[in-house]
Amino acid sequence: MAISEEQVRHVAMLARLGLTDEQISSLGHELNDILLQVEKISALDLADVEPTAHAVAVTNVARDDVVKPGLSREDALRNAPEQQDGAFLIPKFGG
Amino acid sequence: MTIDLSTLNVSRIRDGLSKREFTARELADAAFDRIDAVDAEVHSFNQVTRELAHAAAQRVDEMVCAGDPLPPLAGVPVAFKDNMNLVGTRTTCSSRILENYESVYDCTAVRRMLDAGALPVGKCNMDEFAFGSSTENSAFGPTRNPWDLERVPGGSSGGSAAAVAAGEAVLSLGSDTGGSIRQPGALTGTVAMKPTYGRVSRYGIVAFASSLDQIGPFSKTVEECAQTMNVICAHDDMDATSVDRPAEDFTAHLRDGVKGLRIGLVSDLLALEGCDPAVRERVVETAEALAKQGAEVGEVALPSTQYGLPAYYIIGPAEASSNLARFDGIRYGHRAEDAEDVMDLYLRSRAEGFGPESIRRIMLGTYALSAGYYDAYYGQAQKVRTLIIRDFERAFADFDVLLTPTSPTTAFKIGEKAADPVAMYLSDVYTIPVNLAGIPAVSVPCGHVDGLPVGLQIMGTHFAESTILRVAHAVEVATGFESIPPMVQRLGERRGAIVA
């Protein structure tokens with residue numbers, strides 16, 4: 001299941017990575033090398049095996065509904081590249 | 001008085017403080033003297049936190065003056081991997097994208113160390129976002145192995161490992177997703193533990209693969225590993241995967257010996273082609289030494305672990321690609337200049353901020369999770385995870401602990417595997433199945449090959465940390481490993497005075 005250059009571009013867009021043509025080309029080779037190793041498991045017949053999401057399962061975890069202090073607005077904005085009026089500032093979006 | 005941290009341990013520090021042989025301030029300064037002496041070469045640290053350590057030392061010294069009982073890690077210089085939040089520090093994950101990120105809250109495990117009286121000396125270098133096995137994938141340059149400066153310290157917690165090996169800190173914390181504590185532990189001759197998944201809260205660590213990540217300690221000795229575990233293992237309602245169990249004293253059974261314990265050498269993993277025969281020899285010799293002490297040593301196979309590496313290279317990147325989606329140039333982190341619109345901002349901020357290995361893993365994970373491939377890759381990898389868990393369950397029905405090398409080789413040269421991701425991934429072949437199964441494992445030094453440390457991996461079933469530490473202690477006694485690297489020994493000789 002070799003991955004094509006077109007697929008690499010598609011995945012880069014899904015991942016929101018603006019890559020150069022050079023990066024796209026070398027990533028294609030590298031991903032194919034890695035996926036070749038992964039083929040070992042794609043070929044296994046595991047129809048009857050249940051998947052494991054967490055090896056040590058804990059279920060229905062809920063803490064008491066008690067109000068505790070959270071991050072202050074000042075702290076939440078401390079690392080914002082741009083901010084205005086106590087909010088994160090972003091460029092325009094949409095058409 | 002000159003204090004040599006390489007010759008001190010947690011108990012000795014506490015004892016010396018209460019007898020007023022030295023102050024916590026002097027202990028902090030001993031760490032900074034060592035950092036000043038070696039870190040230009042070793043580069044364990046991204047940031048040295050003198051003010052924080054001195055403030056913590058002052059609190060400890062005030063307790064000593066007041067005659068208050070000292071907490072378990074009083075005056076112990078400690079270092080933290082740079083993916084752990086601590087207010088007053090930057091938490092960079094050794095990435096350009098977080099280069100200037102200032103922590104606004106504390107990681108629970110870090111906070112527990114500090115509440116126990118430890119002195120925070122700095123934040124340690126790592127592979128960017130913990131993606132790597134050599135600490136070469138750091139945006140701030142590689143860390144070097146104190147045993148041989150031409151070699152890597154392992155990774156991704158290479159800075160945390162090197163800091164303890166070089167005596168820049170007495171203890172450190174790292175994080176382990178596929179071997180990132182144990183493998184650098186093996187390569188630097190330190191004791192390095194990955195606890196059972198859920199033992200230690202993950203709150204405040206920058207997530208890599210949430211179903212695999214676990215925080216754990218580095219130390220010079222097994223006893224100090226147990227002492228640190230006593231401090232960091234606790235339920236935390238800020239982490240939904242944190243397990244709620246009664247507190248355990250991990251030091252209680254250290255000296256019980258191995259008589260009657262059933263110890264399984266994992267024969268198929270030991271026979272792997274990529275394993276250095278000299279490493280294999282050290283591991284087999286150590287098993288024989290344990291048998292002489294009365295352990296029942298046998299052989300066991302874990303056939304499904306051959307699929308561990310490919311399963312990990314789907315699950316790890318898949319979860320990472322999802323976790324790293326938060327770095328968007330809006331709320332924190334690097335932001336591209338003069339973006340035309342939000343999409344342009346995302347695309348350029350992320351491509352500029354992430355290094356090559358991070359981009360590789362995000363791409364691999366995004367691909368594995370994308371429409372049409374999910375079942376073939378991620379779904380299949382999660383089923384392999386079940387097979388590996390079953391293998392371990394079968395093995396632990398017959399054995400109390402299992403042994404493998406921690407790493408197939410000793411420390412490799414800087415640059416040796418940097419250009420070949422697949423070869424680099426192979427250095428975690430022994431450690432990855434442990435994360436997939438969520439079990440605990442410790443790497444303990446078991447000898448040298450050509451002057452470089454070899455690590456033995458001791459694995460136990462869920463929550464069997466006390467048993468694996470007991471075996472690790474027996475290994476430590478049997479091998480009499482010399483844990484101080486030559487460059488540090490020379491430093492001590494040059495300065496003369498050592499407090500022992």
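Helix α2 of chain A and helix α10 of chain B cross in a left-handed sense. A crossing is left-handed if the near helix is turned anticlockwise from the far one by less than a right angle, and right-handed if clockwise. The model is a predicted one, in which local features need pLDDT of at least 70, side-chain atom pairs count only at pLDDT 80 or more, and totals for chains, interfaces and linings use all residues. Residues are numbered from 1 along each chain as its sequence is written, while chains are lettered from A and ligands numbered from 1 in the order in which they are written.

α2(A) packs against α10(B) (residues 308–323) at an angle of about 115°, and the two axes are 8 Å apart. Axes are lines fitted to C-alpha atoms, for helices over the stretch in contact, and angles run from 0 to 180 degrees between N-to-C directions. Helices (H or I, at least four residues) and strands (E, at least two) are DSSP runs, numbered from the N terminus. From α2(A), the residues A:Ile34, A:Gln37, A:Val38, A:Lys40 and A:Ile41 meet B:Leu309, B:Pro310, B:Ala311, B:Tyr313 and B:Ile314 of α10(B). Contact here requires C-beta atoms, placed from the backbone, to lie within 7 Å. The residues of this contact comprise eight nonpolar, one polar and one charged. Ala, Val, Leu, Ile, Met, Phe, Trp, Tyr, Cys and Pro count as nonpolar, Asp, Glu, Lys and Arg as charged, and the others, Gly among them, as polar.

The whole contact between the chains takes 42 residues from chain A and 60 residues from chain B. On the chain A side, the elements giving two or more residues are α1 (5–14) and α2 (21–42). α2(A) gives the most, with ten residues. The chain A side divides into 27 nonpolar, six polar and nine charged residues.

Chain B holds an open sheet of eleven strands, in the order β1-β3-β2-β4-β6-β5-β10-β11-β9-β7-β8, with mixed pairing. Two strands pair if DSSP finds at least two bridges between them. β1(B) (45–48) and β8(B) (296–300) stand at the edges; each has a single partner strand, so one side of each is left without a neighbour in the sheet. From one strand to the next, the twist averages 30°. Helix α3(B) (residues 50–66) packs on this sheet, touching β1(B), β2(B) (77–81) and β3(B) (119–124). The direction of α3(B) makes about 160° with that of β3(B). Helix α13(B) (residues 375–398) lies across β7(B) (262–266), β8(B) and β9(B) (401–405), and runs at about 140° to β7(B).

Within the sheet, β10(B) (residues 441–449) and β11(B) (residues 452–460) run antiparallel and are joined by eight bridges. B:Val449 has B:Leu452 of β11(B) as its bridge partner. Strand β5(B) (residues 191–194) is joined to β6(B) (residues 214–219) by two bridges, in antiparallel fashion. Three bridges join β5(B) to β10(B), again antiparallel. B:Ala192 stands opposite B:Phe218 in β6(B), and its bridge partner in β10(B) is B:Ser443. In a regular strand the side chains alternate between the two faces of the sheet. In β5(B), B:Val191 and B:Met193 point one way, B:Ala192 and B:Lys194 point the other way, and all are buried. A residue is buried if 20 or more other C-beta atoms lie within 10 Å of its own, exposed if 12 or fewer, and partly exposed in between; the C-beta atoms are placed from the backbone.

The axes of α2(B) (residues 24–42) and α3(B) come within 7 Å and cross at roughly 155°. α2(B) is therefore roughly antiparallel to α3(B). Angles under 35 degrees count as roughly parallel, over 145 as roughly antiparallel, 65 to 115 as roughly perpendicular and the rest as oblique. The crossing of α2(B) and α3(B) is right-handed. Residues in this contact include B:Ala24, B:Leu27 and B:Phe32 of α2(B), and B:Ala53, B:His54 and B:Val60 of α3(B). The contact divides into seven nonpolar, two polar and three charged residues.

Some backbone exceptions remain. Most residues other than glycine have a negative phi, and most peptide bonds are trans. A:Arg16 is not a glycine, yet has a positive phi of about 55°. A:Arg16 lies in the loop between α1 and α2 of chain A, and counts as buried with 20 C-beta neighbours inside 10 Å. B:Ala130 also has a positive phi, near 75°. B:Ala130 sits in the loop between β3 and α5 (158–165) of chain B, and counts as buried with 30 C-beta neighbours inside 10 Å. B:Ser156 is found in the loop between β3 and α5 of chain B. The peptide bond from B:Gly155 to B:Ser156 is cis, with omega near 10°.

How values were computed: Contact = placed C-beta atoms within 7 Å.
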